[in-house]
Amino acid sequence: MRLAVVDEGKVLVYIPDPSQAIASHGFEPAWLPVFYNPKMEFNRDLSVLALQAYLDNYAPRKPIVVVEPLAATGVRALRYALEVDGVMKVYASDIDKLAFEIMELNVGLNNAWGRVDVVNSDANALMYTLKAHGVPVLAIDIDPYGSPAPFLEAALNLVGNGGLLIVTATDTAVLEGSRKLKAFRRYGLRLEKTPCSREVAVRALLSYIARVAASLDKWIKPLLSLYIDYYVRLFIQVRRGAREAQRMLEENLGYAYYYPKLGYLTIRSEVYSKLGSVENLPLGPLWIREIFDLGFVEMMMARLRGRYEYLRTRRRAEKLLEIIREEALVQEDVYQRVDAIASTLKTPTPSKVKIVEDLRTRGLKASLTHFHPVGVRTDASVEELREIIKSYSS
């Protein structure tokens, strides 16, 4: 097999020759014999930032052991080992023999022996083996092609108290409610497709992870919850405690209610009570509390403007984190699609920036959202929001 060498962050990696994966629409990473997607460099840059912020401020001890059980070429594992201070060792595993062989080459290419242990294993088998051998793991990155559901119980079993669980999901059609039967089978959720489906996807996956964690007498705290391009990406701290796990289920899980005639979604039970006579669709159970930790976001921003200025996606990362910092101040509510509400009012869609300015002028909380280009996040009532949107039609 022909190989190419690419650079990313501070590492060099062999990948299968990209000329093997040229489709009519361009490069198709899934066609490579071992998966490598250059567009996910942004994802990996954010992950390096997040792991460093966690280590500097949230880790109960360091240096730490990191596990990436679906590692493919091993680029992410190498970056964790060589770019993040406080990482002692990374276990990088893949069940595919060719991926294992390429990872071995990449560890040698970066002189990372002793920092990255390469394993040819099933992901769950690796995690249960590390658990059985008492390896003290404090960070696990689950980055599958598709749903993370098959790997979460093993990961939550393995990660230590106060540890960091990082999860990617690309089955967004399921989590957003477009495939309702599969959402119920796979995640135990009743979902509907709504204009705010991207945040529903995040809260749906958090709900599932919380329920799996609680079955193990563990509880979770979301530090950063993202919907980027076509996938969900979560950074979650995991702690032990049966009482806290029970409290988490009782206080942090609930339902969202979508009102099709209003183009409006809410996770506030008092709003649902007020609009109870209006036709609505319940969604859930979802995670209904905070999905961002403001301090964590600010720590990532500080590191981006410091030691990680070399990242090629720095400008995009900084813009994203700036928006999320504003969102974190208004996260008692889900975002709303301005165009969806305007459509129910039969009015043109006004500028989201002007909507946010008007809401703030009235003393209400409001921000843009990273979830959608025409979304706003606000604590305004549905009546206030509709009134402001309608005012632009006159």
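Buried means under 20% relative accessible area, exposed means over 50%, and partly exposed is in between, with a 1.4 Å probe and protein chains only. The model is predicted: local features need pLDDT of at least 70, side-chain atom pairs count only at pLDDT 80 or more, and totals for chains, interfaces and linings use all residues. Residues are numbered from 1 along each chain as its sequence is written, and side-chain values use heavy atoms, with hydrogens and water left out.

Q: Why is Tyr 258 called buried?
A: Its relative accessible area is 10%. The limit for buried is under 20%, so Tyr 258 is buried. Tyr 258 lies in strand 12 (residues 253-259); strands are DSSP runs of E with at least two residues, helices are runs of H or I with at least four, and both are numbered from the N terminus.

Q: What makes Leu 3 partly exposed?
A: Leu 3 has 34% relative accessibility. Leu 3 belongs to strand 1 (residues 3-8). Together with Met 1 and Leu 105, Leu 3 makes a nonpolar surface patch of about 270 Å². Patch residues have over 30% relative accessible area and no salt bridge; nonpolar side chains (Val, Leu, Ile, Met, Phe, Trp, Tyr) are joined within 5 Å, like charges within 9 Å. A salt bridge is a side-chain nitrogen of Lys or Arg within 4 Å of a carboxyl oxygen of Asp or Glu.

Q: Why is helix 14 called oblique to helix 15?
A: Helix 14 (residues 352-361) and helix 15 (residues 382-391) pack at about 125°, with axes 11 Å apart. Under 35 degrees is roughly parallel, over 145 roughly antiparallel, 65 to 115 roughly perpendicular, and the rest oblique. Helix 14 is therefore oblique to helix 15. Axes are lines fitted to C-alpha atoms over the stretch in contact, and angles run from 0 to 180 degrees between N-to-C directions.

Q: What makes Asn 111 exposed, and what is its phi?
A: Asn 111 has a relative accessible area of 66%. The cut-off for exposed is over 50%, so Asn 111 is exposed. Its phi is near 50°, a positive value in a residue other than glycine. Most residues other than glycine have a negative phi.

Q: How do you know that Asp 217 is partly exposed?
A: Asp 217 has 42% relative accessibility, so it counts as partly exposed. Asp 217 also has a positive phi, about 60°.

Terms used
Areas by Shrake-Rupley, 256 points an atom, 1.4 Å probe, with all protein chains shown as cover.
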